[in-house]
Amino acid sequence: MKITDAKVLISSPGRNFVTLKVYTDQGIYGLGDATLNGRELAVAAYLSEHLIPCLIGRDPFQSEDIWQYFYRGAYWRRGPVTMASIGAIDIALWDIKGKALNTPVYNLLGGKSRTGVMVYGHANGRDIEETMDEVGKYAAMGYRAIRAQSGIPGILSTYGVAKDKLYYEPAEKGLPTENLWSTEKYLLHVPKLFEALRLKFGDDVHLLHDAHHRLTPIEAARLGKSLEPYRLFWLEDPTPAENQASFRLIRQHTVTPLAVGEVFNTIWDCKDLVQEQLIDFLRTTVVHAGGITHLRRCADFAALYQIRMGCHGATDLSPVCMGASLHFNLWVPNFGVQEYMRHTPETDAVFPHGYSFERGYLIPGDTPGHGVDIDETLAAKYPYRPAYLPVNRLEDGTLWHW
Ligand code: KDG
Ligand code: MG
């Protein structure tokens, strides 16, 4: 089998997605997600200008060699643009292989290790009361794991707290907006939210929280400690992880489980965190870590240190990434949970897919490949629109973490 062509499709059905379509001489095509939130066109150009010309003529079954060729052959290794581009190619190649062999991708990885993939949903509200109502709605839908975020008294707008509830989209159209942030107010408020949630919902639901890289290590340690009575499933991104050693300090002070890695793009980003057992869950996902080929390597490495996978699954990961991630998660031995922020009906229509939600689990379905397609005619009706995540400043104007 030979790759004959590949093209990059950019579409914005509610939010921007970059999709790679790889064609073969046997009429089979594969799809890969190449979306990098707020930097979409950089990945599109990297693919079209630099990778696709080298891809044509290769055998799609040699996905390992193709991965090594693009990773090692570039000289300039790693980075989100490079790794999302390699990731898109890799996802498309696994899709082609599954279709050619008439089997779902999870069978190529080693088969099902479980019957469904436990997912967590996003419950958020302007205050504790509204967040409690939202958690109640997710529990009623059957979710077994729920991330809770609440507006902070005295802060006008809080990242992670949506206006639209079920279909929250964190990127805003146009150039980046700026939000104000107060760590002091946040640290006082969050324990109150989780105290109220445990009182109302008891112990049967897994509760999660995302600190969005906003805290210093000692502040994160304080938050982890103050949340211990409420037994979180995880506290996510307590501090930026560029300096992996900073997690030592958090770990010395708290037994709240830690999840990190949605911005990681290679195994090197988590090397010390994993080897020193400074985290409990690795958040890296298929597209941003160079596809299934490299994420599998990260997961196997994490498994040696009893760290489980908890893949990123916000709306900026397209249904193509979600499809691939679900096959990966159905197989991966050290599975923890998968994030699931629902895409809008507009997005779902552009990306017909076989996966479905059942009582707190996503089921990938048995369609050969990863089971996600694209309706190109519909996709073409939604041209690219610049959109960015907000930038955060402290109340005195200082540009803060992340
Ligand atoms: O592109 C960035 C978003 O996906 C991210 O900010 C959302 O933190 C997030 C999460 O945990 O889903
Ligand atoms: Mg996050």
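Q: Which loop holds Arg78?
A: This is a predicted model, where local features need pLDDT of at least 70, side-chain atom pairs count only at pLDDT 80 or more, and totals for chains, interfaces and linings use all residues. Residues are numbered from 1 along each chain as its sequence is written, chains are lettered from A and ligands numbered from 1 in the order in which they are written, and side-chain values use heavy atoms, with hydrogens and water left out. Helices (H or I, at least four residues) and strands (E, at least two) are DSSP runs, numbered from the N terminus. On that numbering, Arg78 sits in the loop between helix H2 (63-73) and H3.

Q: What is the phi of Arg78, and is this residue buried or partly exposed?
A: Arg78 is not a glycine, yet its phi is positive, at about 70°. For accessibility, buried means under 20% relative accessible area, exposed over 50%, and partly exposed in between (1.4 Å probe, protein chains only). Arg78 comes in at 37%, so it is partly exposed.

Q: Where does Arg231 lie, and what is its phi?
A: Look in the loop between helix H7 (217-227) and strand E9 (234-236) for Arg231. Its relative accessible area is 45%, so Arg231 is partly exposed. It isn't a glycine either, but its phi is positive, at about 50°.

Q: Which residues coordinate the magnesium ion (ligand 2)?
A: Donors here are N, O and S atoms within 2.8 Å of the metal (3.2 Å for Na, K and Ca), and water is not among the atoms, so sites may look incomplete. The donors of the magnesium ion (ligand 2) are spaced D-x25-E-x25-E along the chain. At 2.0 to 2.2 Å, the coordinating residues are Asp210 (OD), Glu236 (OE) and Glu262 (OE).

Q: How many residues apart are Asp210 and Glu262?
A: Both of these magnesium ligands are covered: Asp210 is buried because its relative accessibility is 2%, and Glu262 is buried because its value is 16%. The donors are spaced D-x25-E-x25-E along the chain. Asp210 is in strand E8 (residues 206-210), while Glu262 is in the loop between strand E10 (258-260) and helix H9 (271-275), and this pair linking distant parts of the chain is 52 residues apart.

Q: What separates the C-alpha atoms of Leu208 and Leu235?
A: Leu208 is in strand E8, and it is buried because its relative accessible area is 0%. Not counting residues up to four places away, it touches several others, including Tyr120, Phe194, Phe233 and Trp234. Leu208 and Leu235 are 27 residues apart along the chain, and their C-alpha atoms are separated by 6.1 Å.

Q: What is the radius of gyration of the protein?
A: The globule rule is 2.2 Å times the number of residues to the power 0.38, and the radius is taken over C-alpha atoms. The C-alpha atoms fill a box of roughly 60 × 45 × 40 Å along the principal axes. With 402 residues, a compact globule would be near 21 Å, which agrees with the protein's value, 20 Å.

Methods. Contact = heavy atoms within 4.5 Å.
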